[in-house]
Amino acid sequence: MPFVEGLRCRECGRAYPAEALHVCEWCFGPLEVVYDYEAIAGSISRQSVAAGPNTIWRYADLLPAGAEGAVDLGAGLTPLLRADRLGAELGLSELWLKNDTVNPTGSFKDRVVSVALTRARELGFKVAACASTGNLANSVAAHAARAGMRSVVCIPADLEIAKVVTTGVFGGCLVALTGNYDEVNRLCAELASEYPTWAFVNVNVRSYYAEGSKTLAFEVAEQLGWRAPDHVVVPVASGSQLTKVAKGFRELYKVGLLDEEPHVRISGAQARGCAPVAEAFESGGDFVRPVKPSGIAKSLAIGNPADGGYALEEVRRSGGAVGAVTDAEIVEGIRLLARTEGIFAETAGGVTVGVLAKLAAAGVVKVNERVVAFITGNGLKTLDAVASGCHPTATVAPSLEAFQAAVNVADWQ
Ligand SMILES: *Cc1c(COP(=O)(O)O)cnc(C)c1O
Ligand SMILES: [Zn+2]
């Protein structure tokens, strides 16, 4: 990682070496990776990116770990699809979908985990660990298997069965805890100090982990022909993805990959059952008051979001909004996306589409904006959310008569 200068406290600006540190010992602020952008600008070009691998590692110059030793299952460079049918339903003239449901373990988390574990290995960690709302568990277990590392994954015991199975299959240590995510996270912070040789991707190597989310912004700009969108809609759990997507667009300009300084409006999407950032936005305050999560969007169920305040800041500074939708609206969002664009998303995707619909109806997302919505997780992991509404049109004997009696296709021609 030739371009990393070190870490810096987001709050007080103190500098630290690029080691396994994540909070400022002075003010307890989070540490962020600092790069030498001038040097990156001298090395990176649209051509060099295009010549790179078809994964997040084509952006290695802007990541805090070396591509040579990458723990890589192929995360990233997911399709950016023009969504005219969904756009028409929502009254938007240029809508795009970043389809992260097709990542190796079915969610955007593969981006952050690939970066975190690559850096963790460079720092000498032997064990991969995390506190997870589900998708992170899948991804850490899979990438640890790929890297030949032991894994210790902690999840809330009430997680969707699909997320338990798709984690357990990789053979690591999977511990279900009888508490919500925020309690799981608290235990993991304790474990991280008890076992300093374990790399908790979203705790003690979080500074590196978070950088992986920037690749969403990088890819979107590249896939739009090196143009930034006008508005992006990002699901919010801890707020890390939203914060780093905003940072990613700024970095592209700093290193010369975008000709013009981008002004991307950033909007956030939460579920009503866990909407601390949306509630802070609605109240007009700066303080993100922790909540007790409920509802079907378990992958976004972080009641006390570590980067909630920073996410709020990015949204307000860019002229975006944070919206929230009910469980019923989440299901509607999943089905609308599936019916109009052929993408089956998990509940977090329903949250994004549902909030996008609301913001479009309210005129916050504007008709003529170039809009990108991030669809971050695969619907196969949250089948229960839509199972009760998705049945065969008919169940009949395998004969022409029975088919024709049950299904009215007369007006299809
Ligand atoms: C984790 C997750 C997010 C967002 O996470 P942040 O903690 O806000 O970075 C979004 N969508 C899905 C499907 C996730 O699993
Ligand atoms: Zn500090």
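This report walks through a sheet, a helix beside it and a pocket in a predicted model.

Let us start with the open sheet, whose 6 strands follow the order 4-5-13-10-11-12 with mixed pairing. Its edges are strand 4 (80-82) and strand 12, each of which pairs on one side only. From one strand to the next, the twist averages 25°. Strand 11 and strand 12 run parallel and are joined by 4 bridges. Within this pair, Ala269 stands opposite Gly323 in strand 12.

| Helix | Strands touched | Angle between directions |
|---|---|---|
| Helix 9 (214-223) | strand 4, strand 5 (94-99), strand 13 (370-375) | about 130° with strand 5 |
| Helix 10 | strand 10 (231-235), strand 11, strand 13 | about 150° with strand 10 |

**Helix 11**

Helix 11 covers residues 276-283, and its buried residues are Pro276, Val277, Ala278 and Ala280. What do they pack against? The buried residues of helix 11 meet strand 11 (265-271), helix 12 (308-318) and strand 12 (322-325). Just after the helix comes Gly284, with a positive phi of about 85°.

**The largest pocket**

The largest pocket has a volume of about 1000 Å³. Of the 49 residues that line it, Asn202, Arg206, Ser238, Ala306 and Asp307 lie nearest its centre. Elements giving two or more residues to this lining are strand 3 (31-35), helix 5 (135-147), helix 7 (181-194), helix 8 (206-211) and helix 10 (240-254). By residue class, the lining divides into 21 nonpolar, 18 polar and 10 charged.

Notes: Residues are numbered from 1 along each chain as its sequence is written. Chains are lettered from A and ligands numbered from 1 in the order in which they are written. This is a predicted model: local features need pLDDT of at least 70, side-chain atom pairs count only at pLDDT 80 or more; totals for chains, interfaces and linings use all residues. Side-chain values use heavy atoms; hydrogens and water are left out. Buried means under 20% relative accessible area, exposed over 50%, partly exposed in between (1.4 Å probe, protein chains only). Contact means heavy atoms within 4.5 Å. On a 1 Å grid over the protein atoms alone, a cavity is a set of points where a 1.4 Å probe fits but cannot get out, and a pocket is an open set with protein on both sides within 12 Å along at least five of seven lines; lining residues have an atom within 4 Å of a point. Grid points are joined across faces, edges and corners, and a volume is the space filled by probe spheres set on the points. Ala, Val, Leu, Ile, Met, Phe, Trp, Tyr, Cys and Pro count as nonpolar, Asp, Glu, Lys and Arg as charged, and the others, Gly among them, as polar. Two strands pair if DSSP finds at least two bridges between them. Axes are lines fitted to C-alpha atoms, for helices over the stretch in contact, and angles run from 0 to 180 degrees between N-to-C directions.
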